[in-house]
Amino acid sequence: MPQGAILYRWGQVVPGREEQALTLFSESVELFDDFLKNNQIIGHWPYISTTRAGGYWLVHGEMEQLGAIQMLPEVQALHMKGQGMLTEWTAEWLMGGSAEELAEPMEMYSGVVSQLD
């Protein structure tokens, strides 16, 4: 099963929603910890940026399982809350995690690019 990650990125907190944003962060830790305990993800790592307002959250797992958790109501609610209290909220899908995991996608990319010539 191919592995990958979802990279959540958030920006500044909308003024007046600081307490709600801290609660959202705590809820997110609990949610992803539960996914980890239930073997739905391989790991998750939040980061705060030192060069801009906001941060990142990397959630690593099998692509199929990541897709399944993205469709859960509690994850959809997390997205909606993030969009409502942060100036930026995105979720970017990433493939790979190791050179071995990238071999097949890179081979596909190479085939597609060669058809462009």
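The entries below go through salt bridges, a hairpin, a loop residue, a helix and a surface patch.

**Entry 1, salt bridges.** I kept in mind that this is a predicted model. I began with the salt bridges, and the count came to three. I looked at Glu88 and Arg9, whose side chains meet at 3.1 Å, N to O. Glu88 sits in the loop between α3 and β4 and Arg9 in strand β1, so this pair ties together parts 79 residues apart in sequence. Glu88 also forms a salt bridge with Arg52, with the closest N and O atoms 3.8 Å apart. Arg52 belongs to the loop between β2 and β3, so here the parts tied together are 36 residues apart in sequence. I noted Arg9, Arg52 and Glu88 as a linked network of salt bridges. Each member is partly exposed: Glu88 at 24% relative accessibility, Arg9 at 30% and Arg52 at 25%.

**Entry 2, a bridge between helices.** Next I found Lys81 with Glu27, their closest N and O atoms being 2.9 Å apart. Lys81 is in helix α3 and Glu27 in helix α1, so the pair ties together parts 54 residues apart in sequence. I have Lys81 down as partly exposed at 36%, and Glu27 likewise at 34%.

I followed strand β2 (residues 43–48) to β3; they run antiparallel and are joined by six bridges. Across the pairing, Trp45 stands opposite Leu58 in β3. Six residues lie between the two strands of this hairpin, and Gly54 in the turn has a positive phi of about 120°.

Another positive phi, about 60°, turned up at Asn39, which is not a glycine. I placed Asn39 in the loop between α1 and β2, and at 60% relative accessibility it counts as exposed.

Which residues of helix α2 are buried? I found Leu66, Ile69 and Gln70. They cover an arc of only 105° around the axis, which puts them on the same side of α2. Their cover includes β1 (3–10), α1 (18–37), β3 (55–62), α3 (73–85) and β4 (89–95).

I checked Tyr109, which is in helix α4; at 53% relative accessibility, Tyr109 counts as exposed.

Terms used: Residues numbered from 1 in each chain as written. Predicted model: local features only at pLDDT ≥ 70, side-chain atom pairs only at ≥ 80, totals over all residues. Heavy atoms only, no water. Buried < 20%, exposed > 50% of the residue type's maximum accessible area, 1.4 Å probe, protein only. Helix = DSSP H or I, 4+ residues; strand = E, 2+ residues; numbered from the N terminus. Arc of directions from axis to C-beta. Contact = heavy atoms within 4.5 Å. Pairing = 2+ DSSP bridges. Salt bridge = Lys/Arg side-chain N within 4 Å of Asp/Glu carboxyl O.
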